[in-house]
Amino acid sequence: MSLRRKVIHFMHINGRRFLLIFFYLTFYMICFELLERRKVAYHIHTLPIDYKIPFCEYFIIPYYFWFVYSFIGIVFTIFQKRGQDFYLLAFDMSFGMTLFLIVSYFWPNGLDLRPEVMPRDNIFCHMVEGLYRTDTPTNVLPSIHVFNSIGVTVALNKLHAIRKRPKLRVSCWCIMVLIILSTVFLKQHSIIDVIFGIGLQLALYPFVYGPLSRPLRSFFSKVFDRRHYAADYDLDWFGQ
């Protein structure tokens, strides 16, 4: 079977995966935009240490790389023979992002950490200025950058193609750490946002990948992609 026919066959069998991504992202972006446009009083939640962390514009690179990293995580899991690889990551990310919307709606929150004037004149500071213009310092708890970067890293490290490559595994963890650090060094998030992002992933892990994950895995195997779980197609992505 040619590569083209494999791709078409795969998408025919598992097209609902792409629909799930499309519909959830559409729902999330609409809700987020409505939250951003609300005229409400925001609760400023910062710690003294937040003001002592120096601003470092170079972290704009890992901050923006989060979008690429999340995309890589979805692509690598969506084209796996095991359907659960994608669905577990999708559940993990959508759960955290939905909870974020709920928290932002009932407890509008914001920060006052951003520098009023860029300390230096370079391309990285200009990139940060562009980020500040498009992303307000509101609705930041918990940090989705932190939550999703951990979720993607855990999901990738569960894949056979990643597990058998130690250097690649270490690279994933290093990228995750840099992304988390970027949120505080760019003044996009407070330490509280980071703690809640990490804590939420730790609380969710047993139900997604740990000892309490059996009901969720059983649900996905019964409800979604029956033929996919039966592996009745010829496909070999990313050295599975």
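How many of the 14 residues of α6 are buried? The count is 14 of the 14, so α6 is largely enclosed by the rest of the structure; buried here means under 20% relative accessible area, against over 50% for exposed and in between for partly exposed, with a 1.4 Å probe and protein chains only. This is a predicted model, in which local features need pLDDT of at least 70 and side-chain atom pairs count only at pLDDT 80 or more, while totals for chains, interfaces and linings use all residues. Residues are numbered from 1 along each chain as its sequence is written, and side-chain values use heavy atoms, with hydrogens and water left out.

Helices are DSSP runs (H or I, at least four residues), numbered from the N terminus. Helix α6 covers residues 144-157, and its end C-alpha atoms lie 20 Å apart, which agrees with the 20 Å that 1.5 Å a residue should give. The expected span is 1.5 Å times one less than the number of residues. At the start of α6, a side-chain oxygen of S143 comes to within 3.4 Å of the backbone nitrogen of H145.

F196 belongs to helix α9 (residues 191-208) and, at 49% relative accessibility, is partly exposed. Leaving out residues up to four places away in sequence, F196 touches L141 and P142, where contact means heavy atoms within 4.5 Å.

At its start, a side-chain oxygen of N122 reaches to within 3.0 Å of the backbone nitrogen of F124. The buried residues of α5 are C125, V128, G130, L131 and Y132, and these pack against α3 (60-78).

How do α3 and α5 meet? Their axes, lines fitted to C-alpha atoms over the stretch in contact, with angles from 0 to 180 degrees between N-to-C directions, come within 10 Å and cross at roughly 50°. The two helices are therefore oblique to each other. In this contact, I60, I61, Y63 and Y64 of α3 meet F124, M127, V128 and L131 of α5. By class, that makes eight nonpolar, no polar and no charged residues.

Y63 has another partner: S182 is in contact with F59, P62 and Y63, neighbours within four places in sequence aside. S182 sits in helix α8 (residues 166-185) and is buried, at a relative accessible area of 0%.

Definitions and conventions: A polar contact is a pair of N or O atoms within 3.5 Å; within protein, one must be able to donate a hydrogen and the other to accept it, and residues adjacent in sequence count only if both atoms are side-chain atoms. Angles under 35 degrees count as roughly parallel, over 145 as roughly antiparallel, 65 to 115 as roughly perpendicular and the rest as oblique. Ala, Val, Leu, Ile, Met, Phe, Trp, Tyr, Cys and Pro count as nonpolar, Asp, Glu, Lys and Arg as charged, and the others, Gly among them, as polar.
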